[in-house]
Amino acid sequence: MAGLTAVTGAAAASAAAPAAPSSAQLDHKKDEGRTNDEQFAKVAASLHVTVKQLTTALDNLKRALGNGAGKATAIAAFAKELEITVARAEKVLEALSGKPGPGKPVPGKDAGVPVEAVKLLAAELKISEDRARQVFKDLDKVGGKGEDVTKDPVFIAIAKGLGTTPQRLLVGLRKVKEEFAKKEGGKPKDGASTGK
């Protein structure tokens, strides 16, 4: 994907004097300052949509992700709603997040979870990489550690959602953690708890 500068440059170039957005249209951005409001308006203008249309599409994207839709599916729906390509939608989301570009995360990492660990978990549990990535995100909500984790309601729900037992999930996470540590040339720093 192109960097943030390419996206913001394109947004600025095609945003010839956009109308000033009303504060009602940008309520979700009001705490982030005038600069972000202007950036948001420029992105909307570059897409030839109103700020309200972009806001609605983003809200629908967040809702879809919150309801368990896969990232690719949610982004495809976002793109369709704005009548743009998926690639363009991804660039728009990068521009709005403000994260990629010069300070872009290291390739091979996804939300703090190494891609290799995601692949190992997907293979171990025989699930898709998207689902494995979601499992890692869901594990952040688990309170217990070690064997106690198998009694945590969130961990139990994760296991049930995968069609396995909490014990089997724990064993799988431990295997992934150990295998990942071997590939990284080390060993797990805290034994082998939950893979977090």
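By salt bridge I mean a side-chain nitrogen of Lys or Arg within 4 Å of a carboxyl oxygen of Asp or Glu.

Before going on, a word about the model. It is a predicted one, where local features need pLDDT of at least 70, side-chain atom pairs count only at pLDDT 80 or more, and totals for chains, interfaces and linings use all residues. Residues are numbered from 1 along each chain as its sequence is written, and side-chain values use heavy atoms, leaving out hydrogens and water.

Back to our pair. Is E124 buried or exposed? E124 is buried, with a relative accessible area of 17%. The cut-offs are these: buried is under 20% relative accessible area, exposed is over 50%, and partly exposed is in between, using a 1.4 Å probe and protein chains only. R168, at 33% relative accessibility, counts as partly exposed.

K175 is partly exposed, at a relative accessible area of 45%. Put together, E124, R168 and K175 are linked in a network of salt bridges.

How many salt bridges are there by this rule? The count comes to six. Another one of them joins R133 and D130, with the closest N and O atoms 2.8 Å apart. R133 and D130 both lie in helix α7, three residues apart, which is about one turn of the helix. D130 is partly exposed, with a relative accessible area of 43%.

Now let's step back to the whole protein. There are nine helices and two strands, and along the sequence they follow the pattern α-α-α-α-α-β-β-α-α-α-α. Helices (H or I, at least four residues) and strands (E, at least two) are DSSP runs, numbered from the N terminus. Of the 196 residues, 37% count as buried. The protein exposes about 11,400 Å², and carbon and sulfur atoms supply 54% of that; these areas come from the Shrake-Rupley method with a 1.4 Å probe, and for residues only the protein chains shown count as cover. As for contacts, meaning heavy atoms within 4.5 Å, among those between residues at least 6 apart in sequence, 47% join residues at least 24 apart.

Let's return to helix α6, residues 115-125. Which of its residues are buried? They are A117, V118, L120, L121, A122, E124 and L125. What covers them includes β2 (113-114), α7 (129-139) and α9 (166-184). Just after α6 comes K126, with a positive phi of about 55°, in a residue other than glycine. K126 lies in the loop between α6 and α7 and is exposed, with a relative accessible area of 74%.

There is another residue of this kind to look at. H48 has a positive phi of about 60° although it is not a glycine. You will find H48 in the loop between α2 (33-46) and α3, where H48 is exposed at a relative accessible area of 69%.

In α3, V51, L54, T55, A57, L58 and L61 are buried. They cover an arc of only 165° around the axis, which puts them on the same side of α3; that arc is taken from the directions from the helix axis to the C-beta atoms. On the other side of α3, K52 and G66 are exposed. Just after the helix, G68 takes a positive phi of about 95°.

One last stop is V86, in helix α5 (residues 86-97). V86 is partly exposed, with a relative accessible area of 38%. Leaving aside residues up to four places away in sequence, V86 touches I75, A76 and A79. V86 and I75 are eleven residues apart in sequence, and their C-alpha atoms are 6.7 Å apart in space.
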